[in-house]
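Subject: Structure for you to look at

Hello,

Here is the structure I said I would pass on. Please open it beside this email and follow along; my notes come after it.

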Amino acid sequence: MPAQVASTCTMYFQAQHPSGEHPQPPFPRPLTGLQIRVGFEMEYECPAPTPMILALNIHYSRSGDLVYPDHLMTYPSVPVTVYRDLFGNWCSRLVAPQGKFVMRADTRVYDSGLPDVVAYDAMQVPVEYLPESTLVYLLGSRYVETDQLADIAWSHFGGGPTGWARVQAICDFVHQHITFGYQHARRTRTAWEAYREGQGVCRDYAHLAIAFCRCMNIPARYCTGYLGDIRIPQVPAPMDFAGWFEAYLGDRWYTFDARNNTPRIGRVLMARGRDACDVALISTFGPNTLKRFEVWADEVNAL
């Protein structure tokens with residue numbers, strides 16, 4: 001099975017890039033490309049003052065691409081302090097007052113307009129040669145039970161190729177194994193549960209793929225951010241934040257998306273971590289009700 005999946009993967013990439021050339025990574029201020037308007041608005045109802053930790057800002061690695069800052073705005077206005085967490089993500093702290101509380105951010109982002117980089121010759125690095133900074137992404141975590149999935153991973157992917165083709169084979173398997181549906185969303189679902197249940201949303205695809213990668217000794221980390229329907233047919237569903245993952249191959253991290261399982265244009269990263277627990281967009285410390293939730297990520301003009 002792994003060899004067949006890998007063969008399909010190789011033929012796909014060769015068809016996309018017959019010359020062997022790979023798309024280049026985005027540049028901070030491209031001379032050609034596009035702009036994407038991204039943002040959100042959320043309304044909470046709090047029966048009492050409620051502390052919150054937020055990871056709602058665009059990742060610092062994209063700060064040079066912002067047309068203007070994505071400042072967090074609140075109604076009513078409250079004091080907000082900011083800090084960088086252990087993974088380098090921008091986080092905010094505030095106390096939501098009793099009653100109605102609205103949070104909003106809106107900005108435009110320069111983007112190269114290129115799809116996710118495809119590098120099917122990227123090699124898997126032996127564990128003993130991996131950079132120390134990647135090693136934490138080989139270990140099990142809150143939503144990624146590598147101990148329970150190791151035998152399954154090796155049975156599916158142990159006999160196939162390594163490197164890029166192995167990660168793509170994992171994405172192919174997860175894409176086919178899980179049935180997507182917002183009605184299947186459950187914030188406590190783990191990778192093992194996603195494998196057993198065969199259903200979920202984008203974070204479940206990412207968690208299961210991350211688990212399989214780690215079981216196969218490939219560092220993998222969870223990503224969350226904006227992913228609009230840029231240069232693809234519009235999806236008839238409410239816009240939401242997206243989850244995908246990155247795998248370390250060769251000497252860098254590459255983007256993979258087991259949910260969509262095809263290179264996409266216009267990803268805007270917000271946060272990275274071991275799994276969704278590390279990049280929770282909003283952590284609340286008290287009773288509250290989310291009354292309204294809106295996200296947008298739309299192409300606004302070509303440069």
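Asp275 sits in the loop that runs between β12 (268-273) and β13 (282-284). Please keep in mind that this is a predicted model.

The protein as a whole has 303 residues, and 52% of them are buried. Its secondary structure consists of five helices and 14 strands. Take the contacts between residues at least 6 apart in sequence: 79% of these join residues at least 24 apart.

Is Asp275 buried or exposed? Asp275 is buried, and it has no salt bridge. The nearest side chain of opposite charge belongs to Arg214, 5.6 Å away, while a salt bridge has to be within 4 Å. Leaving out residues up to four places away in sequence, Asp275 touches Ser141, Arg142, Tyr143, Val144, His207 and Tyr222.

The other thing to look at is the largest pocket, which holds about 940 Å³ of space. It is lined by 29 residues, and those closest to its centre are Arg187, Arg203, Ala280, Leu281 and Ile282. Several elements give two or more residues to this lining: β1 (34-46), α5 (202-215), β9 (220-226), β10 (242-249), β13 and β14 (289-302). Sorted by class, the lining of the largest pocket contains 18 nonpolar, five polar and six charged residues.

Regards

Methods:
Residues are numbered from 1 along each chain as its sequence is written. This is a predicted model: local features need pLDDT of at least 70, side-chain atom pairs count only at pLDDT 80 or more; totals for chains, interfaces and linings use all residues. Side-chain values use heavy atoms; hydrogens and water are left out. Helices (H or I, at least four residues) and strands (E, at least two) are DSSP runs, numbered from the N terminus. Buried means under 20% relative accessible area, exposed over 50%, partly exposed in between (1.4 Å probe, protein chains only). Lys and Arg count as positive and Asp and Glu as negative; His and the chain ends are not counted. Contact means heavy atoms within 4.5 Å. On a 1 Å grid over the protein atoms alone, a cavity is a set of points where a 1.4 Å probe fits but cannot get out, and a pocket is an open set with protein on both sides within 12 Å along at least five of seven lines; lining residues have an atom within 4 Å of a point. Grid points are joined across faces, edges and corners, and a volume is the space filled by probe spheres set on the points. Ala, Val, Leu, Ile, Met, Phe, Trp, Tyr, Cys and Pro count as nonpolar, Asp, Glu, Lys and Arg as charged, and the others, Gly among them, as polar.
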